[in-house]
Amino acid sequence: MKAKTAVKPGFRAADSERSVTLLGATGSIGASTVDLIKRERGRYRVEAVSANTNAAALAALAREVGARFAAVGDERLYGELKSALSGSGIDAAAGEGALVEAAQRPAQWVIGAITGAAGLRPSLAAAERGAIVALANKETLVCAGSLFMRRAAEAGATVLPVDSEHNALFQAMSAGRREDVRRVILTASGGPFRTWTKAQIRAATLEQALKHPNWSMGPKVTIDSATLMNKGLEVIEAYHLFALKPDEIDVVVHAQSVIHGLVEFRDGSFIAQLGSPDMRIPIAHCLAWPERIDGPAPRLDLAQVATLSFEHPDLERFPALGLARRALEAGGGAPTVLNAANEVAVGEFLAKRLGFVGISSLVEATLAAAVGRGLTREPTSVDDALAIDHDSRLLTRELLPEIAAKAS
Ligand code: MG
């Protein structure tokens, strides 16, 4: 017989075990989430897991966490996933529709950690059924933020930000009323080139750009941190998540990555969230919200950190942040174009076919050319956002040879 336990209003006793779906389970956020879930056995039950292409890792993970459903994005990998799961009782599916199906399965919590525009439809599917969506997929907000937030509100979904800066803002915002917020401040580590001169940055190699001083993350976001495009995308995320005006979102470079975000209220009070730079902190916050669970991240020792420093971002050396702001102010499809161009550019840089400064140049050239192609229209649907994304990528590829030649 089960002991009678006190439960929070809104949670029935049967709900004490939370069901969680993990989209993008084999990536960096996915791995941190799995780590937390494994430490809290009995508290979480995994409904579905998904991955883009790594069927073997997905199958192993699905078995490990006892998922009921596993979906791989690449439909050619169905056979591989199916056979890797044989005898486990876990259902296998493949293709873009399978990722959406994973999001639609009846889990209370959905961790949306798919990388890139592929995360758009599944994130939206989770929001549209009113789930609690812990969103790590930036593209959902950058490419279709207005649409996503509107649909989430209509369906009664709760959106919890996983991104450390937005998670910090979410926590800090709870100190006051939304209408009393004067502005928010996102902190940026400044990346590996924070103190480098323009000439040094011009000669930066891939290996140097991949060495993030504080955070251990996937390659795409690590490069975005080096260009500061990551912060630019985060400004756009914050705009949608918290319904702010562009001039209510500031960025400050804070090399120690101890303060992740601050909210300034109208009376002059600043509320900040601090913690070790470990993604398991914001993920734990989202998984346990509105409660808390034990976090395995290293405890923050302020005396050891000793100094917290702050400086204005230098848009001269890091033009990507300025480009993102301009795209946000232009509105419509401009942020979608920015994101698509940046994904292509970072991919080319990772493949060593484009120099580091070429990333921003290529994004800038794409944004300029996008207006004439009608790509800066406001996306009316996810299909339209994806069409803008697709056409922007083609445009970026068209412009690539000229920019690559100039920036090499
Ligand atoms: Mg972040």
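This is a predicted model: local features need pLDDT of at least 70, side-chain atom pairs count only at pLDDT 80 or more; totals for chains, interfaces and linings use all residues.
Q: What makes the overall size of the protein agree with that of a compact globule?
A: For 408 residues, a compact globule would have a radius of gyration near 22 Å, and the protein has 21 Å, which agrees. Along the principal axes, the C-alpha atoms fill a box of roughly 70 × 55 × 40 Å. Buried residues make up 55% of the 408 residues, where buried means under 20% relative accessible area.

Q: Why is one side of β4 and of β7 left without a neighbour in the sheet?
A: Seven strands form this open sheet in the order β4-β3-β2-β1-β5-β6-β7, with parallel pairing. Because β4 (91-94) and β7 (158-161) stand at the edges, each has a single partner strand, and so one side of each is left without a neighbour. From one strand to the next, the twist averages 20 degrees.

Q: How do you know that β3 and β4 pair?
A: Two strands count as paired if at least two bridges are found between them, and strand β3 (residues 69-72) and β4 have four bridges in the parallel sense, so by that definition they are a pair. Within this pairing, Val 72 stands opposite Ala 94 in β4. Helix α2 (residues 55-65) packs on the sheet, where it touches β2 (44-51) and β3, and the direction of α2 makes about 175 degrees with that of β2.

Q: What makes Asp 163, Glu 165 and Glu 234 donors of the magnesium ion?
A: A donor atom has to be an N, O or S atom within 2.8 Å of this metal. Asp 163 (OD), Glu 165 (OE) and Glu 234 (OE) lie 2.1 Å from the magnesium ion, so they meet the cut-off. Along the chain, these donors follow the spacing D-x1-E-x68-E. Glu 165 lies in helix α7 (residues 164-173) and Glu 234 in helix α11 (residues 229-241), so the pair ties together parts that are 69 residues apart in sequence. Both Glu 165 and Glu 234 are also buried.

Q: Why is helix α10 called mostly covered?
A: Seven of the nine residues of helix α10 (residues 219-227) are buried, and each of these therefore has under 20% relative accessible area. Among the buried residues of α10 are Lys 220, Ile 223 and Asp 224. The elements that cover them include α6 (138-155), α11 and α16 (356-372). Just after α10, Leu 228 takes a positive phi of about 75 degrees.

Q: What is the pairing of the sheet with the order β9-β8-β10-β11, and which strands stand at its edges?
A: These four strands form an open sheet whose pairing is mixed. The edges are held by β9 (249-253) and β11 (270-274), each with a single partner strand, so one side of each is left without a neighbour in the sheet. Direction ignored, neighbouring strands of this sheet are turned by 20 degrees against each other on average.

Q: How do you know that β8 and β9 pair?
A: The definition asks for at least two bridges, and strand β8 (residues 181-188) and β9 have five in the parallel sense, so they count as paired. Here Ala 188 stands opposite Val 253 in β9. Helix α7 packs on this sheet, touching β8, β10 (259-265) and β11, and the direction of α7 makes about 40 degrees with that of β10.

How values were computed:
Residues are numbered from 1 along each chain as its sequence is written. Side-chain values use heavy atoms; hydrogens and water are left out. Helices (H or I, at least four residues) and strands (E, at least two) are DSSP runs, numbered from the N terminus. Axes are lines fitted to C-alpha atoms, for helices over the stretch in contact, and angles run from 0 to 180 degrees between N-to-C directions. Contact means heavy atoms within 4.5 Å. Donors are N, O and S atoms within 2.8 Å of the metal (3.2 Å for Na, K and Ca); water is not among the atoms, so sites may look incomplete. Buried means under 20% relative accessible area, exposed over 50%, partly exposed in between (1.4 Å probe, protein chains only). The radius of gyration is taken over C-alpha atoms; the globule rule is 2.2 Å times the number of residues to the power 0.38.
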